[in-house]
Amino acid sequence: MGRRSVLIGTGSGLPARVVSNAELAQQVDTTDEWIVERTGIRQRYIAGEGETTATLAIIAARNAVAAAGIEPSSIDLIILATATPDQTFPASATIVQEALGACGGIAFDVAAVCSGFLYALGVADSMLRTGMARRALVIGAETFSRILDWEDRTTCVLFGDGAGAIVLEARDSDAPDAPGVLATRLHADGTHNQLLFVDGGPSTTGTVGKVRMKGKEVFRHAVTNLADVLREVLEETGITADQLDWVVPHQANKRILDGTAKKLGLAPEKVVITVDQHANTSAASVPLALDVAVRDGRIKPGQLVMLEAMGGGFTWGASLIRV
Ligand code: UT7
(Lines give C-alpha, C1' and ligand atoms only; values in the text may rest on other atoms or scores of the structure.)
Protein backbone atom coordinates (compact mmCIF):
# COMPACT_ATOMS: atom_id res chain seq x y z
CA MET A 1 0.00 0.00 0.00
CA GLY A 2 1.42 3.40 -1.00
CA ARG A 3 1.33 6.36 1.29
CA ARG A 4 0.56 9.92 0.26
CA SER A 5 0.67 13.32 1.97
CA VAL A 6 -2.82 14.76 1.64
CA LEU A 7 -3.56 18.48 1.88
CA ILE A 8 -6.32 18.86 4.49
CA GLY A 9 -6.21 22.60 5.33
CA THR A 10 -4.77 25.96 4.34
CA GLY A 11 -4.47 29.25 6.21
CA SER A 12 -2.83 32.63 6.12
CA GLY A 13 -1.85 35.55 8.32
CA LEU A 14 -1.15 39.12 7.24
CA PRO A 15 -0.04 42.22 9.13
CA ALA A 16 -2.70 44.83 9.85
CA ARG A 17 -1.03 47.63 7.88
CA VAL A 18 -1.34 47.95 4.10
CA VAL A 19 1.16 50.17 2.29
CA SER A 20 0.22 51.34 -1.21
CA ASN A 21 2.68 52.21 -3.97
CA ALA A 22 1.62 55.84 -3.63
CA GLU A 23 2.57 55.82 0.06
CA LEU A 24 5.99 54.34 -0.77
CA ALA A 25 6.52 56.99 -3.45
CA GLN A 26 6.46 59.58 -0.69
CA GLN A 27 9.52 57.94 0.93
CA VAL A 28 11.65 56.78 -2.02
CA ASP A 29 12.19 58.00 -5.57
CA THR A 30 9.63 55.81 -7.32
CA THR A 31 6.12 55.96 -8.79
CA ASP A 32 3.00 53.84 -8.69
CA GLU A 33 3.24 53.58 -12.51
CA TRP A 34 6.81 52.19 -12.47
CA ILE A 35 6.02 49.60 -9.81
CA VAL A 36 2.78 48.42 -11.45
CA GLU A 37 4.25 48.30 -14.94
CA ARG A 38 7.51 46.51 -14.02
CA THR A 39 6.17 44.16 -11.31
CA GLY A 40 2.36 44.10 -11.11
CA ILE A 41 2.57 45.08 -7.41
CA ARG A 42 -0.07 47.57 -6.15
CA GLN A 43 0.31 47.21 -2.39
CA ARG A 44 2.02 45.15 0.29
CA TYR A 45 1.41 44.39 3.98
CA ILE A 46 4.07 45.61 6.40
CA ALA A 47 4.51 44.23 9.93
CA GLY A 48 4.06 46.71 12.76
CA GLU A 49 5.19 46.66 16.34
CA GLY A 50 4.50 43.28 17.93
CA GLU A 51 4.04 41.57 14.56
CA THR A 52 6.87 39.15 13.79
CA THR A 53 7.51 36.17 11.54
CA ALA A 54 6.41 33.84 14.35
CA THR A 55 3.23 35.79 15.26
CA LEU A 56 2.16 35.83 11.59
CA ALA A 57 3.05 32.14 11.28
CA ILE A 58 0.93 31.33 14.34
CA ILE A 59 -2.12 33.07 12.81
CA ALA A 60 -1.62 31.21 9.50
CA ALA A 61 -1.10 27.93 11.35
CA ARG A 62 -4.25 28.35 13.47
CA ASN A 63 -6.30 29.14 10.36
CA ALA A 64 -4.92 26.07 8.55
CA VAL A 65 -5.56 23.82 11.56
CA ALA A 66 -9.14 25.16 11.87
CA ALA A 67 -9.75 24.58 8.14
CA ALA A 68 -8.46 21.01 8.54
CA GLY A 69 -10.80 20.46 11.50
CA ILE A 70 -8.13 18.75 13.60
CA GLU A 71 -6.77 19.11 17.13
CA PRO A 72 -3.52 21.12 17.01
CA SER A 73 -2.02 18.66 19.50
CA SER A 74 -2.25 15.94 16.81
CA ILE A 75 0.43 17.69 14.72
CA ASP A 76 3.74 15.85 15.07
CA LEU A 77 5.82 17.77 12.51
CA ILE A 78 6.18 21.53 12.03
CA ILE A 79 8.46 22.87 9.31
CA LEU A 80 8.67 26.64 8.98
CA ALA A 81 10.34 28.14 5.92
CA THR A 82 11.79 31.58 6.54
CA ALA A 83 14.76 33.83 5.88
CA THR A 84 13.63 36.23 8.60
CA PRO A 85 13.29 34.21 11.81
CA ASP A 86 12.40 35.97 15.07
CA GLN A 87 15.80 35.04 16.47
CA THR A 88 18.94 33.44 15.01
CA PHE A 89 17.92 30.51 17.15
CA PRO A 90 15.81 28.74 18.36
CA ALA A 91 13.92 27.87 15.19
CA SER A 92 10.75 29.94 14.86
CA ALA A 93 8.95 26.62 14.29
CA THR A 94 9.38 25.92 18.00
CA ILE A 95 7.62 29.21 18.86
CA VAL A 96 4.70 28.11 16.66
CA GLN A 97 4.75 24.68 18.27
CA GLU A 98 4.46 26.14 21.76
CA ALA A 99 1.63 28.51 20.75
CA LEU A 100 -0.35 25.65 19.20
CA GLY A 101 0.19 23.32 22.14
CA ALA A 102 1.64 20.71 19.81
CA CYS A 103 4.86 20.06 21.75
CA GLY A 104 6.77 16.79 21.64
CA GLY A 105 6.92 16.22 17.88
CA ILE A 106 9.45 17.50 15.36
CA ALA A 107 9.87 21.26 14.72
CA PHE A 108 12.52 23.07 12.70
CA ASP A 109 13.08 25.90 10.21
CA VAL A 110 14.16 25.62 6.60
CA ALA A 111 16.19 28.33 4.87
CA ALA A 112 15.76 28.44 1.10
CA VAL A 113 14.46 32.04 0.86
CA CYS A 114 11.68 32.39 -1.74
CA SER A 115 11.76 28.64 -2.49
CA GLY A 116 11.60 27.86 1.22
CA PHE A 117 8.00 26.69 1.19
CA LEU A 118 8.66 24.27 -1.67
CA TYR A 119 11.71 22.92 0.19
CA ALA A 120 9.68 22.57 3.41
CA LEU A 121 6.90 20.82 1.52
CA GLY A 122 9.37 18.39 -0.07
CA VAL A 123 10.91 17.54 3.30
CA ALA A 124 7.51 17.18 5.02
CA ASP A 125 6.19 14.94 2.24
CA SER A 126 9.27 12.69 2.50
CA MET A 127 8.94 12.45 6.29
CA LEU A 128 5.23 11.65 6.11
CA ARG A 129 5.71 8.99 3.46
CA THR A 130 8.50 7.29 5.40
CA GLY A 131 6.36 7.23 8.55
CA MET A 132 8.45 9.64 10.64
CA ALA A 133 5.31 11.71 11.25
CA ARG A 134 1.55 11.51 10.59
CA ARG A 135 0.41 15.12 10.48
CA ALA A 136 2.55 18.02 9.32
CA LEU A 137 2.14 21.75 9.47
CA VAL A 138 4.16 23.36 6.67
CA ILE A 139 4.52 27.12 6.96
CA GLY A 140 6.11 29.91 4.94
CA ALA A 141 6.43 33.10 6.99
CA GLU A 142 8.47 36.26 6.51
CA THR A 143 8.96 39.81 7.68
CA PHE A 144 11.22 40.98 4.84
CA SER A 145 10.39 44.60 5.72
CA ARG A 146 12.88 44.20 8.60
CA ILE A 147 15.80 43.36 6.27
CA LEU A 148 15.04 45.82 3.47
CA ASP A 149 17.19 48.85 2.76
CA TRP A 150 14.41 51.45 2.70
CA GLU A 151 16.69 53.80 0.74
CA ASP A 152 17.24 51.31 -2.10
CA ARG A 153 14.35 51.73 -4.51
CA THR A 154 15.47 48.74 -6.58
CA THR A 155 14.55 46.35 -3.74
CA CYS A 156 12.35 48.03 -1.11
CA VAL A 157 9.32 48.40 -3.39
CA LEU A 158 9.26 44.69 -4.22
CA PHE A 159 8.68 42.92 -0.91
CA GLY A 160 5.99 42.52 1.75
CA ASP A 161 5.32 40.58 4.96
CA GLY A 162 2.98 37.68 5.64
CA ALA A 163 2.55 33.98 6.34
CA GLY A 164 0.80 31.00 4.79
CA ALA A 165 0.40 27.47 6.11
CA ILE A 166 -0.91 24.07 5.09
CA VAL A 167 -1.68 20.88 6.99
CA LEU A 168 -0.63 17.60 5.40
CA GLU A 169 -1.80 14.21 6.61
CA ALA A 170 -0.28 10.81 5.74
CA ARG A 171 -2.87 8.51 4.21
CA ASP A 172 -2.58 5.04 2.74
CA SER A 173 -3.82 4.80 -0.80
CA ASP A 174 -3.14 2.97 -4.04
CA ALA A 175 -5.80 4.66 -6.16
CA PRO A 176 -4.06 6.58 -8.98
CA ASP A 177 -6.41 9.57 -8.70
CA ALA A 178 -6.31 9.70 -4.87
CA PRO A 179 -5.47 13.11 -3.39
CA GLY A 180 -1.98 13.94 -2.24
CA VAL A 181 1.41 15.32 -3.18
CA LEU A 182 2.25 13.55 -6.47
CA ALA A 183 5.82 14.76 -7.01
CA THR A 184 8.23 17.45 -5.81
CA ARG A 185 11.47 18.49 -7.52
CA LEU A 186 13.98 20.81 -5.85
CA HIS A 187 17.20 22.38 -7.11
CA ALA A 188 19.94 24.77 -6.05
CA ASP A 189 22.84 26.39 -7.89
CA GLY A 190 25.25 28.04 -5.48
CA THR A 191 27.28 29.66 -8.26
CA HIS A 192 24.68 32.44 -8.22
CA ASN A 193 24.52 32.95 -4.46
CA GLN A 194 25.73 36.58 -4.76
CA LEU A 195 22.97 37.75 -7.11
CA LEU A 196 20.39 37.80 -4.33
CA PHE A 197 21.67 37.85 -0.78
CA VAL A 198 21.73 39.62 2.59
CA ASP A 199 24.91 41.55 3.39
CA GLY A 200 25.14 40.43 7.01
CA GLY A 201 24.76 37.46 9.32
CA PRO A 202 25.63 36.07 12.75
CA SER A 203 28.92 34.49 11.66
CA THR A 204 30.21 37.31 9.42
CA THR A 205 29.21 40.82 10.45
CA GLY A 206 27.31 39.94 13.59
CA THR A 207 24.47 42.05 12.23
CA VAL A 208 21.26 41.08 10.47
CA GLY A 209 22.14 42.79 7.16
CA LYS A 210 20.00 44.05 4.28
CA VAL A 211 18.67 42.47 1.08
CA ARG A 212 20.79 43.05 -2.05
CA MET A 213 19.68 41.91 -5.49
CA LYS A 214 20.75 42.08 -9.11
CA GLY A 215 17.14 42.06 -10.26
CA LYS A 216 17.65 41.76 -13.99
CA GLU A 217 19.87 38.68 -13.69
CA VAL A 218 17.55 37.04 -11.17
CA PHE A 219 14.65 37.67 -13.52
CA ARG A 220 16.41 36.02 -16.47
CA HIS A 221 17.30 32.88 -14.50
CA ALA A 222 13.85 32.69 -12.89
CA VAL A 223 11.89 32.18 -16.10
CA THR A 224 14.29 29.49 -17.42
CA ASN A 225 14.67 27.59 -14.14
CA LEU A 226 10.95 27.61 -13.38
CA ALA A 227 9.96 26.41 -16.84
CA ASP A 228 12.56 23.59 -16.56
CA VAL A 229 11.46 22.36 -13.13
CA LEU A 230 7.78 22.50 -14.08
CA ARG A 231 8.52 20.33 -17.12
CA GLU A 232 10.46 17.93 -14.88
CA VAL A 233 7.50 17.45 -12.51
CA LEU A 234 5.06 17.05 -15.41
CA GLU A 235 7.30 14.41 -16.99
CA GLU A 236 7.69 12.55 -13.71
CA THR A 237 3.93 12.39 -13.14
CA GLY A 238 2.91 11.87 -16.77
CA ILE A 239 0.60 14.87 -16.56
CA THR A 240 0.48 17.43 -19.39
CA ALA A 241 0.42 21.20 -18.86
CA ASP A 242 -3.14 21.44 -20.18
CA GLN A 243 -4.33 18.90 -17.58
CA LEU A 244 -3.36 21.24 -14.74
CA ASP A 245 -6.29 23.01 -13.10
CA TRP A 246 -4.19 25.66 -11.35
CA VAL A 247 -0.67 26.91 -11.07
CA VAL A 248 0.21 28.67 -7.82
CA PRO A 249 3.57 30.36 -8.41
CA HIS A 250 5.90 32.29 -6.17
CA GLN A 251 4.70 35.87 -6.45
CA ALA A 252 7.85 37.87 -7.28
CA ASN A 253 6.89 39.71 -10.42
CA LYS A 254 3.86 39.40 -12.68
CA ARG A 255 6.15 39.48 -15.72
CA ILE A 256 7.94 36.34 -14.44
CA LEU A 257 4.57 34.60 -13.99
CA ASP A 258 3.47 35.59 -17.50
CA GLY A 259 6.84 34.60 -19.02
CA THR A 260 6.83 31.16 -17.38
CA ALA A 261 3.19 30.48 -18.31
CA LYS A 262 3.93 31.42 -21.92
CA LYS A 263 7.02 29.18 -22.08
CA LEU A 264 4.94 26.20 -20.97
CA GLY A 265 1.84 27.07 -22.98
CA LEU A 266 -0.23 27.45 -19.79
CA ALA A 267 -3.51 29.35 -20.00
CA PRO A 268 -2.98 32.64 -18.08
CA GLU A 269 -6.38 32.28 -16.36
CA LYS A 270 -5.12 29.12 -14.62
CA VAL A 271 -2.35 31.05 -12.87
CA VAL A 272 -3.22 32.32 -9.39
CA ILE A 273 -1.92 35.87 -8.97
CA THR A 274 -1.69 37.71 -5.66
CA VAL A 275 1.47 39.73 -6.27
CA ASP A 276 -0.72 42.82 -6.80
CA GLN A 277 -2.01 42.51 -3.20
CA HIS A 278 0.90 40.95 -1.26
CA ALA A 279 4.03 41.87 -3.30
CA ASN A 280 6.90 39.37 -2.87
CA THR A 281 6.54 37.74 0.56
CA SER A 282 9.40 35.28 -0.10
CA ALA A 283 8.67 31.88 1.52
CA ALA A 284 5.13 32.98 2.41
CA SER A 285 4.01 33.80 -1.10
CA VAL A 286 3.06 30.33 -2.40
CA PRO A 287 1.02 29.22 0.66
CA LEU A 288 -0.59 32.68 0.87
CA ALA A 289 -1.69 32.52 -2.78
CA LEU A 290 -2.82 28.91 -2.33
CA ASP A 291 -4.97 29.88 0.67
CA VAL A 292 -6.54 32.77 -1.25
CA ALA A 293 -7.54 30.50 -4.15
CA VAL A 294 -8.83 27.72 -1.84
CA ARG A 295 -10.92 30.14 0.22
CA ASP A 296 -12.43 31.99 -2.75
CA GLY A 297 -13.51 28.63 -4.19
CA ARG A 298 -11.28 28.56 -7.27
CA ILE A 299 -9.33 25.51 -6.12
CA LYS A 300 -11.69 22.58 -5.59
CA PRO A 301 -11.22 19.02 -4.28
CA GLY A 302 -9.91 16.62 -6.90
CA GLN A 303 -8.12 19.29 -8.94
CA LEU A 304 -4.48 19.23 -9.98
CA VAL A 305 -2.50 22.14 -8.55
CA MET A 306 1.11 22.94 -9.38
CA LEU A 307 3.15 24.98 -6.91
CA GLU A 308 6.47 26.55 -7.97
CA ALA A 309 9.07 28.98 -6.67
CA MET A 310 12.54 30.38 -7.31
CA GLY A 311 14.75 32.48 -5.08
CA GLY A 312 18.11 33.26 -3.50
CA GLY A 313 20.81 30.62 -3.62
CA PHE A 314 19.65 30.20 -6.36
CA THR A 315 17.09 27.70 -5.20
CA TRP A 316 14.01 26.59 -7.10
CA GLY A 317 11.42 23.87 -7.13
CA ALA A 318 7.95 22.70 -8.04
CA SER A 319 5.39 20.37 -6.55
CA LEU A 320 2.27 18.83 -8.06
CA ILE A 321 -0.63 18.15 -5.69
CA ARG A 322 -4.03 16.59 -6.24
CA VAL A 323 -6.11 18.46 -3.68
O1 UT7 B 1 11.77 36.43 -5.15
C2 UT7 B 1 13.00 36.05 -5.65
C3 UT7 B 1 13.35 36.54 -6.86
N4 UT7 B 1 13.27 37.93 -7.13
C5 UT7 B 1 12.83 38.23 -8.30
O6 UT7 B 1 12.37 37.36 -8.99
C7 UT7 B 1 12.98 39.63 -8.82
C8 UT7 B 1 13.40 39.54 -10.23
N9 UT7 B 1 13.62 40.80 -10.88
C10 UT7 B 1 12.61 41.67 -11.16
O11 UT7 B 1 11.49 41.45 -10.82
C12 UT7 B 1 12.95 42.88 -11.98
O13 UT7 B 1 14.24 42.75 -12.53
C14 UT7 B 1 12.86 44.20 -11.19
C15 UT7 B 1 11.41 44.50 -10.89
C16 UT7 B 1 13.67 44.09 -9.91
C17 UT7 B 1 13.41 45.36 -12.04
O18 UT7 B 1 12.74 45.44 -13.28
P19 UT7 B 1 13.58 45.67 -14.63
O20 UT7 B 1 12.61 45.78 -15.71
O21 UT7 B 1 14.60 44.56 -14.71
O22 UT7 B 1 14.23 47.08 -14.39
P23 UT7 B 1 15.78 47.50 -14.31
O24 UT7 B 1 16.42 46.91 -13.12
O25 UT7 B 1 16.38 47.24 -15.64
O26 UT7 B 1 15.62 49.05 -14.10
C27 UT7 B 1 15.09 49.90 -15.13
C28 UT7 B 1 15.18 51.34 -14.66
C29 UT7 B 1 16.55 51.72 -14.12
O30 UT7 B 1 16.83 53.04 -14.57
P31 UT7 B 1 17.86 53.27 -15.78
O32 UT7 B 1 19.16 52.68 -15.34
O33 UT7 B 1 17.24 52.57 -16.95
O34 UT7 B 1 17.86 54.76 -15.90
C35 UT7 B 1 16.37 51.73 -12.63
O36 UT7 B 1 17.23 52.64 -11.97
O37 UT7 B 1 14.26 51.56 -13.59
C38 UT7 B 1 14.94 52.18 -12.49
N39 UT7 B 1 14.32 51.76 -11.24
C40 UT7 B 1 13.25 52.36 -10.72
N41 UT7 B 1 12.54 53.43 -11.09
C42 UT7 B 1 11.49 53.79 -10.33
C43 UT7 B 1 14.66 50.70 -10.46
N44 UT7 B 1 13.84 50.63 -9.41
C45 UT7 B 1 12.96 51.64 -9.53
C46 UT7 B 1 11.86 52.08 -8.77
N47 UT7 B 1 11.16 53.15 -9.20
N48 UT7 B 1 11.47 51.46 -7.63
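Trainee: Which domains does the domain assignment of the protein give?

Mentor: The assignment divides the protein into domain 1 (3–172) and domain 2 (180–322). Please keep in mind that this is a predicted model.

Trainee: How far apart do the C-alpha centres of domain 1 and domain 2 lie?

Mentor: The C-alpha centres of the two domains are separated by 14 Å. As for contacts, 53 residues of domain 1 touch 49 residues of domain 2.

Trainee: How should I read the area that domain 1 and domain 2 bury between them?

Mentor: The general idea is that the size of an interface is often given as the accessible area lost when the parts come together. In this structure, domain 1 and domain 2 bury about 3800 Å² between them, and 64% of that area is on carbon and sulfur atoms. On the side of domain 1, the residues that lose the most area to domain 2 are C114, L118 and I147, which together account for 17% of what that side buries.

Trainee: What can be said of the second largest pocket?

Mentor: The second largest pocket has a volume of about 700 Å³. Among its 29 lining residues, L158, M213, G215, K216 and N253 lie nearest the centre. Two or more lining residues come from each of α2 (32–39), α6 (153–156), α7 (215–237), α8 and β12 (304–311). The largest share, six residues, belongs to α7. The lining of the second largest pocket has 14 nonpolar, nine polar and six charged residues, and at least three residues are drawn from each of domain 1 (3–172) and domain 2 (180–322).

Trainee: How many cavities of 30 Å³ or more does the structure hold?

Mentor: A cavity, unlike a pocket, is a space where the probe fits but cannot get out. The structure holds one cavity of 30 Å³ or more, and the volume of the largest cavity is about 30 Å³. The residues lining this cavity are L230, V247, P249, L257, T260, A261, L266, V271 and E308. The elements that contribute two or more of the lining residues are β11 (246–249) and α8 (254–264), with the largest share, three residues, coming from α8. The cavity lining divides into seven nonpolar residues, one polar and one charged.

Trainee: Finally, why is helix α10 described as largely enclosed by the rest of the structure?

Mentor: A residue is taken as buried when its relative accessible area is under 20%. Helix α10 (residues 285–295) has eleven residues, and eight of them are buried, so the helix is largely enclosed by the rest of the structure. The buried residues are S285, V286, P287, L288, A289, L290, D291 and A293.

Trainee: Which residue with a positive phi follows α10?

Mentor: That residue is G297, and its phi is near 90 degrees.

Note on methods: Residues are numbered from 1 along each chain as its sequence is written. This is a predicted model: local features need pLDDT of at least 70, side-chain atom pairs count only at pLDDT 80 or more; totals for chains, interfaces and linings use all residues. Side-chain values use heavy atoms; hydrogens and water are left out. On a 1 Å grid over the protein atoms alone, a cavity is a set of points where a 1.4 Å probe fits but cannot get out, and a pocket is an open set with protein on both sides within 12 Å along at least five of seven lines; lining residues have an atom within 4 Å of a point. Grid points are joined across faces, edges and corners, and a volume is the space filled by probe spheres set on the points. Helices (H or I, at least four residues) and strands (E, at least two) are DSSP runs, numbered from the N terminus. Ala, Val, Leu, Ile, Met, Phe, Trp, Tyr, Cys and Pro count as nonpolar, Asp, Glu, Lys and Arg as charged, and the others, Gly among them, as polar. Buried means under 20% relative accessible area, exposed over 50%, partly exposed in between (1.4 Å probe, protein chains only). Domain bounds come from an automatic or database domain assignment. Contact means heavy atoms within 4.5 Å. Buried area is the accessible area (1.4 Å probe) that two parts lose on being put together, summed over both.
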